[in-house]
Amino acid sequence: MSQKIKSSNNGVPYATPKILYQGQRVYSQAILMKINHNNESKIDIGLKIGRYYVRNRKPELNTPKSELTLKNSELEALVKYISDNYTPLTLGQGEYISVDSNQSELIEQFKSILQNSEETAKTLVESEILTKDVYYAVNFINKKKSLEEFEYMLREDLPESSWQDWFEYNKWILGSDFARIVDERNIDTHNIADYIMQSYDGFVDIVEIKKPNEMPFWALSKDHNNYIPSSTLTKAITQCLNYIYSVEQKTNDASFRDQIGCKVVKPRCTLIYGRSYDWDDEKQKAFRILNSAYSQITILTYDQLLARAKNILGITEDEFEENVYEEDDLPF
């Protein structure tokens, strides 16, 4: 494949950017550049890696999510580190195999595994190329990135379908009670849930999500000095109750059980609705009372879901802040 060398506005030569990841909402790429010196005989090469949000299917290259530029010495150190520790095969207690020119077969195996974008880290562990500790680290990093994306999405006015896609890819945030998302969403001809879930013990449950913004949680005025649910929240709760009722009617329907692969006994529904970042103690108390009134429904706000996920991962707010790197004039 031919490669082209271009020049920035300030005359900095750089190679064609390499796309590292291209998703619906996040885009990342790397670019090698030549560092000019007064002494033309001295050649330094730098590497710049950037992550960007995607909007309208295009990466926002002018407003990076994060960027890191490695100078020549840093790049050389990174290349040496990868070369020396490329495949930390577990041969015993903390032993590693360095990759050299005679191990091209191992390198090609590694490359072929990386071509599979789904559950790559898990595949590496199963192939005994990475240790379980590395797998857990990669899993943590991916989940932390997902939460960063979650916070970004909360700042945008996105349609409900965008949230449905995000939750389908990140079902772990819903909690350990759920083992998998069932492919089938139709309960009957009149009821289509956002997600029909299989619980860890094999029973069917339901998850319903609503847009986080522009849907008030509490009514504008109190009733007898008490906070009460807004009309839109009441409608969402009623919808969940109807879903539960419809699923319960399928208890003895063998075809439905076979279709979803779950047992039907006392289904529960988790409703993800609204925001709570600005609630005072009185509203928190009212929420506690509201949730306690339902035996088969659990209501969670988007902010509560995010806080719970951070707590599960052991992430503090300070650790969650992203680093900001200096920019140069390169066009990416």
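Predicted model: local features only at pLDDT ≥ 70, side-chain atom pairs only at ≥ 80, totals over all residues.

Student: What makes Tyr302 buried?

Tutor: Buried means under 20% relative accessible area. Tyr302 has a relative accessible area of 0%, and is therefore buried.

Student: How do you know that the span of helix 9 is close to the expected one?

Tutor: Helix 9 covers residues 302-313, twelve residues in all.

Student: Why is the pair of Trp163 and Tyr302 called edge-to-face?

Tutor: Two values must be set against the rule. Ring centres must lie within 6.5 Å, and planes over 60 degrees apart count as edge-to-face.

Student: Why is the pair of Phe217 and Tyr273 called edge-to-face?

Tutor: The ring centres of Phe217 and Tyr273 are 5.9 Å apart and their planes stand at 70°, so the pair is edge-to-face. Phe217 lies in the loop between strand 10 and helix 6, whereas Tyr273 lies in the loop between strand 11 and helix 8. Both residues are buried. Ring pairs also link them into a cluster with Trp218, Tyr227, Trp279 and Phe287.

Student: Which residues touch the most other members of the largest nonpolar core?

Tutor: That core has 27 residues, and Val204, Phe217, Leu233, Ile260, Leu271 and Ile299 touch the most other members. Among the elements that each supply at least two of its residues are strand 10 (204-209), helix 6 (231-248) and strand 11 (269-272). Helix 6 gives the largest share, seven residues. A second, separate core of 26 residues includes Phe167, Tyr302, Leu306 and Ile315.

Student: How do you know that Leu233 is buried?

Tutor: Leu233, whose place is in helix 6, has a relative accessible area of 0% and is therefore buried.

Student: What does Leu233 contact beyond its neighbours within four places in sequence?

Tutor: Leu233 is in contact with Phe217, Leu271, Tyr273 and Leu290. Leu233 and Leu271 are 38 residues apart in sequence, and their C-alpha atoms are 9.8 Å apart in space.

Student: What makes the charged end of Lys263 sit over a ring?

Tutor: The charge must be within 6 Å of the ring centre and within 35 degrees of the ring normal. The charged end of Lys263 is 4.4 Å from the centre of the Phe203 ring and sits over that ring.

Student: How do you know that strand 3 and strand 4 pair?

Tutor: Pairing requires at least two bridges. Four bridges join strand 3 (residues 18-22) to strand 4 (residues 26-35), and these strands run antiparallel. Ile19 stands opposite Gln29 in strand 4. The two strands form a hairpin with three residues between them.

Methods
Residues numbered from 1 in each chain as written. Heavy atoms only, no water. Core = buried A, V, L, I, M, F, W, Y, C linked by side-chain atoms within 4.5 Å. Buried < 20%, exposed > 50% of the residue type's maximum accessible area, 1.4 Å probe, protein only. Expected span 1.5 Å × (residues − 1). Contact = heavy atoms within 4.5 Å. Phe/Tyr/Trp six-rings, centres within 6.5 Å; stacked < 30°, edge-to-face > 60°.
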